[in-house]
Amino acid sequence: MIRFLTAGESHGPALVGMIEGIPSGLPLDAKMLGEDLARRKMGYGRGGRMRIETDEVRFLTGVRRGVTIGSPITVILENRDFSHWEDDMAVEPRSGEPGRQVLIPRPGHADYAGGIKYGQHDLRNILERASARETAMRVALGGVARQYLRQLGIDVASFVVEIGGVSMKSSDFETPDFTELRSSVMSSEVFCPEVEASLAMIEAIRTAKREGDTLGGVFEVRTTPLPVGLGTYTQWDRRLDGLLAQAMMSIQAIKAVEIGLGMEGARRHGSKVHDAFLPSTPGSPPLRPTNGAGGLEGGMTNGQPLIVRAGMKPISTLYNPLPSVNILTGEAAPATIERSDTCAVPAASVVGEAMVCLILAQAVSEKYSGDSIGELKSHMEASGRLDRLYYPGNTV
Ligand code: EPS
């Protein structure tokens, strides 16, 4: 079983993460995680913090000479911004002033409910951990999961579909392969493969920034075709669609998740939603000319690519702040302004990929298991041979 946890405050010394259950024999070094971490820092609309952070990771455990050894893997990512916050965020006790306090909650952030829940007047004690800085570690751990999936021929990519109400023209965007998708995504400052939409999104972000406002949007995560039968319908909490939805909703500011046609499917007739089976060559799986199901039927993968979309609300720190109240005095006051981003949807798309990688790695390890990568691969191959028994004309 693969499980993982993260820890760390946004302006504290470092983020740390641990992932357990990765088999031995997986090539792994910090450079392999660097590309995803660099992408997460990008995207038009990010704030000044991204120029401070390098987001370089180091493995502390579980890896020896660039290869996993089967023990828990620990990753550390230092916050360079800590040097500007050393007094406020010191771990050791300090005497004197309490440091910069946050007393006015931002509507939409964890500040208010978190302050009451944990009995904290200084809302910094809430916002530091609620911050989306934490997603840097998810991307690092997701990078480990990505390397694991790559060993099995599974790839995961994403793109931005919509920002601030400006969307791509083609609602059912098709792409020949992931290399091409990645290169068109990377040539857009907002990770949107349509040039025109991309420029309109940038303009929308520019306007929102000028007005001291923020923008949300929608991104889509896709995979290459997955093996049949990851996840199961046999118990509610093991359905892969449910697990993916939970993972996506757990990303800061994500408020909606769709799989395949999603909400659009709820508006159509069944005949325009479900994906017909067509006969194929003997010994091969039946053909599915459409993928409205987004690769999942009955909470299991069905052999098609996975398609998951997520909707992000606009970031709740507004430079033109909403009304709020000082929680000590009860007096009206504009919400606290913390340095922040105008739009982080492109960054969220990279985090979405990481979460899909982690959930798929868990599902793969549950189905095939294996203490070493070799054992995992042989279990998967054996299972593939079993699958083919059900195809007519197959003599395996
Ligand atoms: C964030 C606020 C900003 C973002 C931060 C998330 O941080 P700061 O207040 O230090 O400028 O830049 O995101 C990251 C640091 C990151 O690495 O993604 C928030 O409040 O969620």
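**Pockets and an open sheet**

The lining of the largest pocket comprises 16 nonpolar, 14 polar and 12 charged residues. The model is predicted. The volume of this largest pocket is about 1100 Å³. Its lining counts 42 residues, and those closest to the pocket centre are Ser 171, Asp 172, Glu 220, Gly 260 and Arg 309. Four strands each contribute at least two lining residues: β7 (156-163), β9 (217-223), β10 (254-259) and β13 (307-312).

The second largest pocket holds about 860 Å³ of space. It is lined by 40 residues. Nearest its centre lie His 109, Ala 130, Ser 131, Ala 132 and Arg 133. By class, this lining has 16 nonpolar, 13 polar and 11 charged residues. At least two lining residues come from each of α2 (49-52), α4 (124-130), α5 (135-150), β10 and α9 (345-368). The most come from α9, which gives three.

Four strands form an open sheet in the order β1-β2-β6-β3, with antiparallel pairing. The edges are β1 (3-7) and β3 (57-61); each has a single partner strand, so one side of each lacks a neighbour in the sheet. Neighbouring strands of the sheet are turned by 20 degrees against each other on average, direction ignored. Strands β2 (residues 14-20) and β6 (residues 73-78) pair over six bridges in the antiparallel sense. Leu 15 has Leu 77 in β6 as its bridge partner. Helix α5 lies across β1, β2, β3 and β6. It runs at about 30 degrees to β2.

Definitions and conventions
Residues numbered from 1 in each chain as written. Predicted model: local features only at pLDDT ≥ 70, side-chain atom pairs only at ≥ 80, totals over all residues. Heavy atoms only, no water. 1 Å grid on protein atoms, 1.4 Å probe; cavity = no way out; pocket = protein on both sides within 12 Å on 5 of 7 lines; lining within 4 Å. Points joined across faces, edges and corners; volume = space filled by probe spheres on them. Nonpolar A, V, L, I, M, F, W, Y, C, P; charged D, E, K, R; others polar. Pairing = 2+ DSSP bridges. Axes fitted to C-alpha atoms, helices over the stretch in contact; angles between N-to-C directions. Contact = heavy atoms within 4.5 Å.
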